[in-house]
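Welcome! Please take a look at the model below, and then we will walk through some of its features together.

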Amino acid sequence: MLTPTTRLRLQEIIGRIADSRPVSLHERIYVQKFADRDASVWSWLRRAQRTRQRGEPESELDRFTGSLDLGDPCDSGGFDPGRDDLGDWFSGAPHWLRRS
């Protein structure tokens, strides 16, 4: 559980990421540390990365699909069973999402 102070600091840093404003390496490590442990922070970070790349959604449909938080913010491509190993494809998932 996040303290209110920690949550506000994280949201301020993530807001700067979404707005493409400068974020130090120390701040990025700080946010990633919490994103690796907390699904909410991970979701905030993904949404910020998506907003940074695509800009603010213009239509209600874009806003709705963005709020679903689906897909990779980097759009690195989908799973190709002919080339990819399923275990390797999921290796980048946060530890709370991986199989135990």
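## Helix α1

The expected span of a helix is 1.5 Å times one less than its number of residues. With that in mind, meet helix α1, which covers residues 4-18 in this predicted model. Helix α1 has 15 residues and runs 21 Å from its first C-alpha to its last, close to the expected 21 Å.

Which residues of α1 are buried? They are Thr6, Leu10, Ile13, Ile14, Arg16, Ile17 and Ala18. The cover over these buried residues includes α2 and α3 (39-54). Just after α1 comes Ser20, with a positive phi of about 60°.

Tyr30 and Phe34 make it up in an edge-to-face arrangement, with 5.1 Å from centre to centre and 70° between the planes. The label edge-to-face applies because planes over 60 degrees apart are counted that way.

Both Tyr30 and Phe34 belong to helix α2 (residues 25-35), where they are four residues apart, about one turn of the helix. An α-helix has 3.6 residues a turn, so residues three or four places apart point the same way.

## Around the two rings

Technical notes. Residues are numbered from 1 along each chain as its sequence is written. This is a predicted model: local features need pLDDT of at least 70, side-chain atom pairs count only at pLDDT 80 or more; totals for chains, interfaces and linings use all residues. Side-chain values use heavy atoms; hydrogens and water are left out. Rings of Phe, Tyr and Trp (its six-membered ring) pair if their centres lie within 6.5 Å; planes under 30 degrees apart count as stacked, over 60 as edge-to-face and the rest as tilted. Helices (H or I, at least four residues) and strands (E, at least two) are DSSP runs, numbered from the N terminus. Buried means under 20% relative accessible area, exposed over 50%, partly exposed in between (1.4 Å probe, protein chains only). Contact means heavy atoms within 4.5 Å.
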